[in-house]
Amino acid sequence: MNRRTLLGGLFAAASVPALAACSSGITSLDGGSGAGTGGGSSKSGITIGTANFTENQVLGYLYAAVLDAAGVKTTVRPNLGTREILIPAIKGGDIDLLPEYQGALLHYVDPKSKATEEGEMQNALAMALPAGLQVLPYGRAEDSDAFAVTRETAEKYGLASLADLKKQNGKLVMGAAPEVKTREVGVVGLKEVYGVEFKEFKSLDSSGPLVKGALKKGDVDVANLFTTDTDIQENQWVVLTDPENLIPGQHIVPLIADRRADSTVRKALAELGNVLTTADLTELNRQVDKDKKDPEDVANAYAEKKGLAA
Amino acid sequence: MYELFKNLGDWLVSGEQWSGSDGIGHRLAEHLQYSLLATLVAAAIALPLGLLIGHTGRGAFLAINLASFGRALPTVGLVVLVFLASGLSMWPVYVALVALAVPAIVTNTYAGMTAVDPDVKDAARGQGMRWHQVLFQVELPLALPLIMTGLRLALIQVVATATIAAYVSFGGLGRYVFDGLAQRDLVQVLGGAVLVAVVAVALDLALSALQRALFRHRPA
């Protein structure tokens, strides 16, 4: 399970019109301290929605755990689906809060945006989000695209960053989901930014069993994965660094309705954002996916261990 | 809606869409290659099996149930399973397609064989025909219409399912469906789907015409 599924299930993806960007909802981004903007209130409770994959559900329950500890009454509605369902739901008032990803959310509300750096993206989001919605400060944890090679491949060709791939032009096989062939964060951008040309592109799946199986067996040399994928650590795969910032940041960012964004909520979520790291999130995903634990239990245990929930 | 169909029409007839390694011509050839090869292999396995159990009447329960089991296998699951074992090759695709085609051929061949009038077989044996003469000169000709139906059924299923080759990075008309979905290009998805349907129907018509030409002398 991964972040890209948020962009739409197969059929939703085929028929989704881009959500019209509307820039009338510029909101203040001062997080953590002071009064919230616009007089939002969480007194009547907050409904948290989550998307249809493990990590997003863990995040939803983490939000619930820290908000409960701050005295806000929460309801979690897990597994609601994709962004095509979630964004209308939060606009319509069915849910109030949603764990989101900076780059992917920005691409959804403003597909033409070129911002890739965290601060830039936060500003672009503030401008592009529909009226009534705002993002709170982004956290440390990040679930972004990654291009990974096996340890043997890295040693054999001396690969540490995406720029090193150029030295092996015409030799390496890339494996990824079909869309990566025509995407900026994919074959197109790797050529434009790093001058990389692959010997071949194999259309497989999105950080799933096919692409990981092919990487393990050596059928592909470079694979497109996600940074919070537990198999990266387990197999000691090497994630190539991105010195030119081709890959947009995907820090976890709370998307919230203005009507609920008060200082209590801001403070609680900002604290969580400062504590939760990418490695932590990867570990929590692993507990759910591999150890088959309940996402709510995993989230509560983490919040307690870190002193975020009493 | 009108716009969509107009774009689909443009996509299907544009010259550049037909040429090159991602062109319709090449993808069509790949699709036919996968489908025909898989059906041939399936026939080579299933025909002797169906004839044998039909002729002897033994092992029918086991074979028919195994065939039903084969029909119930989810094709994509089988592809992923074989993929994880064999790695990136055409094996997962062919294993899945053959597994899909075998049941239809086995069950229809068996059904055709059991539909042969026992009196006719008895008479053939009474005339002193050996078992292989009964099988090839009496039972097989009488069972052929149903056997052909099984082959047609298998081929249609395989043509429609050969799109999964694209799921594990290979070609065929499924390339348009998978790439189109991933790239949110609805016209490409529809184009691929329409082409698959056209190929399936065309092959079925061709086979049924062949069947009629071969067995003109008796009702099929």
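**Figure 1. The crossing of H8(A) and H5(B) is left-handed.** A crossing is called left-handed if the near helix is turned anticlockwise from the far one by less than a right angle, and right-handed if clockwise. The model is predicted: local features need pLDDT of at least 70, side-chain atom pairs count only at pLDDT 80 or more, and totals for chains, interfaces and linings use all residues. Residues are numbered from 1 along each chain as its sequence is written, and chains are lettered from A and ligands numbered from 1 in the order in which they are written. Helices (H or I, at least four residues) and strands (E, at least two) are DSSP runs, numbered from the N terminus. Axes are lines fitted to C-alpha atoms, for helices over the stretch in contact, and angles run from 0 to 180 degrees between N-to-C directions. On H8(A), Pro209(A), Leu210(A) and Gly213(A) meet Val80(B), Phe83(B) and Leu84(B) of H5(B). This contact of H8(A) with H5(B) has 5 nonpolar, 1 polar and no charged residues. Ala, Val, Leu, Ile, Met, Phe, Trp, Tyr, Cys and Pro count as nonpolar, Asp, Glu, Lys and Arg as charged, and the others, Gly among them, as polar.

**Figure 2. The contact between the chains takes 18 residues from chain A and 16 residues from chain B.** Two residues are in contact if their C-beta atoms, placed from the backbone, lie within 7 Å. On the side of chain A that touches chain B, helix H1 (10-15), strand S7 (200-203) and H8 each supply at least two residues. H8(A) gives the most to this side, with 5 residues. By class, the residues of chain A that touch chain B divide into 10 nonpolar, 4 polar and 4 charged.

**Figure 3. Helices H3(B) and H8(B) cross at roughly 145°.** H3 of chain B spans residues 24-56 and H8 of chain B residues 131-161, and their axes come within 10 Å. The crossing of H3(B) and H8(B) is right-handed. From H3(B), the contact is made by Ser35(B), Ala38(B), Thr39(B), Ala42(B), Ala43(B), Leu51(B) and His55(B). The residues from H8(B) include Leu135(B), Glu139(B), Leu140(B) and Val159(B). The contact of H3(B) with H8(B) has 11 nonpolar, 3 polar and 1 charged residues. Chain B as a whole has 10 helices and 0 strands, and its C-alpha atoms fill a box of roughly 70 × 45 × 30 Å, taken along the principal axes.

**Figure 4. Gly150(B) is found in helix H8 of chain B.** Gly150(B) counts as buried because it has 26 C-beta neighbours inside 10 Å. A residue is buried if 20 or more other C-beta atoms lie within 10 Å of its own, exposed if 12 or fewer, and partly exposed in between, with C-beta atoms placed from the backbone. Not counting residues up to four places away in sequence, Gly150(B) touches Ala104(B), Ile105(B), Thr107(B), Asn108(B) and Thr109(B). Gly150(B) and Ile64(B) are 86 residues apart in sequence and 14 Å apart in space, C-alpha to C-alpha. Of the 220 residues of chain B, 39% count as buried.

**Figure 5. Helix H4 of chain A, residues 102-109, is mostly covered.** Of its 8 residues, 7 are buried. The buried residues of H4(A) are Gln102(A), Gly103(A), Leu105(A), Leu106(A), His107(A), Tyr108(A) and Val109(A). Their cover includes helix H3 (83-92), strand S3 (97-101), helix H5 (118-128) and strand S10 (252-257) of chain A.

**Figure 6. Leu281(A) is found in helix H11 of chain A, residues 278-289.** Leu281(A) counts as buried, with 23 C-beta neighbours inside 10 Å. Leaving aside neighbours within four places in sequence, Leu281(A) is in contact with Glu55(A), Ala141(A), Asp143(A), Thr228(A) and Leu276(A). Leu281(A) and Val211(A) are 70 residues apart in sequence and 22 Å apart in space, C-alpha to C-alpha.
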